Amino acid sequence: MPKNSKVTQREHSSEHVTESVADLLALEEPVDYKQSVLNVAGEAGGKQKAAEEELDAEDRPAWNSKLQYILAQIGFSVGLGNIWRFPYLCQKNGGGAYLVPYLVLLIIIGIPLFFLELAVGQRIRRGSIGVWHYVCPRLGGIGFSSCIVCLFVGLYYNVIIGWSIFYFFKSFQYPLPWSECPVVRNGSMAVVEAECEKSSATTYFWYREALDISDSISESGGLNWKMTLCLLVAWSIVGMAVVKGIQSSGKVMYFSSLFPYVVLACFLVRGLLLRGAVDGILHMFTPKLDKMLDPQVWREAATQVFFALGLGFGGVIAFSSYNKQDNNCHFDAALVSFINFFTSVLATLVVFAVLGFKANIMNEKCVVENAEKILGYLNTNVLSRDLIPPHVNFSHLTTKDYMEMYNVIMTVKEDQFSALGLDPCLLEDELDKSVQGTGLAFIAFTEAMTHFPASPFWSVMFFLMLINLGLGSMIGTMAGITTPIIDTFKVPKEMFTVGCCVFAFFVGLLFVQRSGNYFVTMFDDYSATLPLTVIVILENIAVAWIYGTKKFMQELTEMLGFRPYRFYFYMWKFVSPLCMAVLTTASVIQLGVTPPGYSAWIKEEAAERYLYFPNWAMALLITLIVVAALPIPVVFVLRHFHLLSDGSNTLSVSYKKGRMMKDISNLEENDETRFILSKVPSEAPSPMPTHRSYLGPGSTSPLETSGNPNGRYGSGYLLASTPESEL
């Protein structure tokens, strides 16, 4: 063999050797394929290095254990929304009645689509960009949109972690700094801060001490330096957790995923021992059946399913892409979905137990305040003492006695009753006061904890739990950004990850202005919801209708070793796309009928007021939605009219001794060329083929040599004939 032949180069050099398939088949001699394996790669103009295309099972990082992977998926899916959004939706949408639409949509949309994302990520072993490029190149923009949505969510989500860090450090005090209103000097007199006196100590601390919030989104007010520092700490923690990929984040998951359950269990036991906890739990599980027929409830339940499981973000796909090909992702989908739902219910039990305790405290306070009003009216002869039942003792007034007295006064003084300003002090009214999102954690829950014995301990545990829940979700969110970019563009992992964190910190300064909380509302409630719905429905369509459900089920059968339930076939093919189409339509109509707005804290009134976004904020909101969804139509148009290459100008082969590298991103449309693969598929699993190149089991590859199974390139290789190895 000539010394300058490419095979000789390959045998004596660790460098890559790249040549065309035709040249390889025509000129080279058989070689020992047990020691040297082929790398198939697309090369534009013959100049692109094959090394830039390599990403195979041997090189790609892998989870150290199945437990680490499951904890990562749980950490990503179980987040802050399970702690405050799910309980709020239960409280708002009829208590136990809300569980019905949520469970139905979890079964027909959530679990099937979660299984779908797990399967395509594990099969193709790429991030979201690579996955959807392989499944359907014209819908390759789905992956880019997922990255943008992840960026939007990560920007404000880490701000919430920063808030939790602020409260965490403030919790190392006794009494807690939000337990009492501050006292200010007015000359020689000491008076309670007026804004705090009109609202409450916890509300005042949240809006004034923590956020120092402005009266509207149009009033920037400058940076809040305390929250800026907390945001820097939050991004530093996230950066250290993800800088090495799953090698670093996987170890963090052992603590960040398990610790919240320890805290929730402690809070549940403590909450059940509180006076009034049973009232709160019974209130939660008492269904208001009329809510089950409200379309808005079903729309909110579907949105919560998407966010709860992390569908469409790309994090699920990124994590599953580091799995082995034979991993049972069918079991993983059911397990993680169940744990997610169980966590939501557990958190709701804890929240309603604590809120039941808080409602009893507030109800007793209401009784005392109104009893003092009645005593004042009795002393000034506004009310006659004959109206007071003889058994009522004002020094030991119970809620039952107050209600009896209240009803008598209301009946006798019907005409003048409204002028007396007496409140009914009903426990149900306190329980029905729904507190949304951050207000549930940073106002309602913190207020309840001030009444706990050893309140600083419980506060430290609670906010440490929030930090860990947020960290687990942020690791998955960052994976949804970094994994597809690194897979596709081969950028240095550490440098790109650090760059993302630095960039996100500086953009995140928008959220730590005094008006920053209003921008959090904009991003959380509007900018991600509609694009995310579009992404999920297109993912479903790409697999079920373009790639083909039957073909996908067959490949799952060969990958898993058993055939998934036919239930998934019908969900992917018909039910889930139809439900998501209805959801998308309802979201668009809702956005058009109800102008987007936010709850602003007005300092002079010491109360919230709902305001609509101004024109410039509406323009920003629309821009965010368009930017998130824009890659989908842009990539579709460019590839439909062949204005954007999919990297398939040339088919070449690159070798590297002792290693196997495969990439099928270079398939042209209608190109049914088969690739030469490893003899042992499990050692070097290939990505899932696009629908165009699938020839079915038992088909013959165009590269297959005829009549001589042991002829040139026949030794040591099996040609692709199954979805496991077929490209």
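A residue is called buried when its relative accessible area is under 20%, exposed when that value is over 50%, and partly exposed in between. E195, with a relative accessible area of 4%, is therefore buried. The model described here is predicted, and its salt bridges number nine.

**Confidence of the model**

- The protein has a mean pLDDT of 80, and 80% of its residues reach 70 or more.
- Over residues 1-57, pLDDT stays under 50; the model has 142 contacts beyond four places in sequence for this stretch.
- Residues 648-727 also have pLDDT under 50 throughout, and for them the model has 250 contacts beyond four places in sequence.

**The pair E195 and R208**

- Side chains of opposite charge can pair when their charged atoms come close.
- A salt bridge joins E195 to R208, with 3.0 Å between the closest N and O atoms.
- Because E195 lies in helix α8 (residues 194-198) and R208 in helix α9 (residues 201-210), the pair ties together parts that are 13 residues apart in sequence.
- R208 has a relative accessibility of 10%, so this residue counts as buried.
- E195 and R208 belong to a network of salt bridges that also links D212 and R514.

**The pair D487 and R60**

- D487 and R60 form a salt bridge in which the closest N and O atoms are 3.0 Å apart.
- This pair links distant parts of the chain, 427 residues apart: D487 is in helix α20 (residues 455-489), whereas R60 is in the loop between β2 (36-42) and α3 (66-77).
- Both D487 and R60 are buried.

**The pair K244 and E494**

- Between K244 and E494 there is a salt bridge whose closest N and O atoms are 3.9 Å apart.
- K244 counts as partly exposed because its relative accessibility is 44%.
- E494, at 33% relative accessibility, therefore counts as partly exposed.

Note on methods: Residues are numbered from 1 along each chain as its sequence is written. Side-chain values use heavy atoms; hydrogens and water are left out. pLDDT is the predictor's confidence in each residue, from 0 to 100. Contact means heavy atoms within 4.5 Å. A salt bridge is a side-chain nitrogen of Lys or Arg within 4 Å of a carboxyl oxygen of Asp or Glu. Helices (H or I, at least four residues) and strands (E, at least two) are DSSP runs, numbered from the N terminus. Buried means under 20% relative accessible area, exposed over 50%, partly exposed in between (1.4 Å probe, protein chains only).
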